[in-house]
Amino acid sequence: MRMVSTENVEELLGKVLTCSSVLERAVAELYFALYSKTDDPIIALVFKKISLDSSSHASILEEVATITKLKRGDINCREFLAEQYSIVERAMSYLETKTKLSRGELRTAMEKLLLLENYVGEETYHRILIPLMAGFLPIQSNLLVELMNDIVEDEKFHEKAVKAVLETLTTESPAS
Ligand SMILES: [Fe+2]
């Protein structure tokens, strides 16, 4: 049986951690764009909250990677993350073509670009992945684990919030 060496685990963990931070940064930008293009002030506020949390996650994950000496400067995260990253990129380029989003456009954007069938949203992806990463960190620290758990709690809220926004858009008739 072929064993995975510790070095390989750390190498992979470094890639995952580094690219998770890059993904959070991209998601922060995406939600900021959604925030600035959405007229409904409450929905916009939900997007702003997700954007702020995501940029905080990006910083925390990046620093965890640095502290644990796992950070990789040599990785192409766009390639490494593949579908995860390209969905965010496609959503971003769709948003760049719009100054404001109508409710219908917003719904389409969220359905098609963020909640595609079979697509695991970034929130779900990180909710599952982060506890795994925490378990394999070369420096075992309860404080580090707590910091990462806090990100997971935010992701749980994001999952719920995105679903609630989509539900609002689907069930409520447009006010204007
Ligand atoms: Fe996130």
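A residue is called buried if 20 or more other C-beta atoms lie within 10 Å of its own, exposed if 12 or fewer do, and partly exposed in between, with C-beta atoms placed from the backbone. What follows concerns a predicted model, where local features need pLDDT of at least 70, side-chain atom pairs count only at pLDDT 80 or more, and totals for chains, interfaces and linings use all residues. Residue numbers start from 1 along each chain as its sequence is written. Helices are DSSP runs (H or I, at least four residues), as are strands (E, at least two), numbered from the N terminus.

**Confidence**
- The protein chain has a mean pLDDT (the predictor's confidence in each residue, from 0 to 100) of 88, and 89% of its residues reach 70 or more.
- Confidence is lowest in helix α5 (residues 103-114), at a mean of 80, and highest in α2, at 96.

- Most residues other than glycine have a negative phi.
- K69 has a phi near 60 degrees; this residue sits in the loop between α2 (41-67) and α3 (77-81).
- K69 is exposed because 10 other C-beta atoms lie within 10 Å.
- A82 also has a positive phi, of about 45 degrees, and lies in the loop between α3 and α4 (83-96).
- A82 counts as exposed because it has 10 C-beta neighbours inside 10 Å.

- In an α-helix, with 3.6 residues a turn, residues three or four places apart point the same way.
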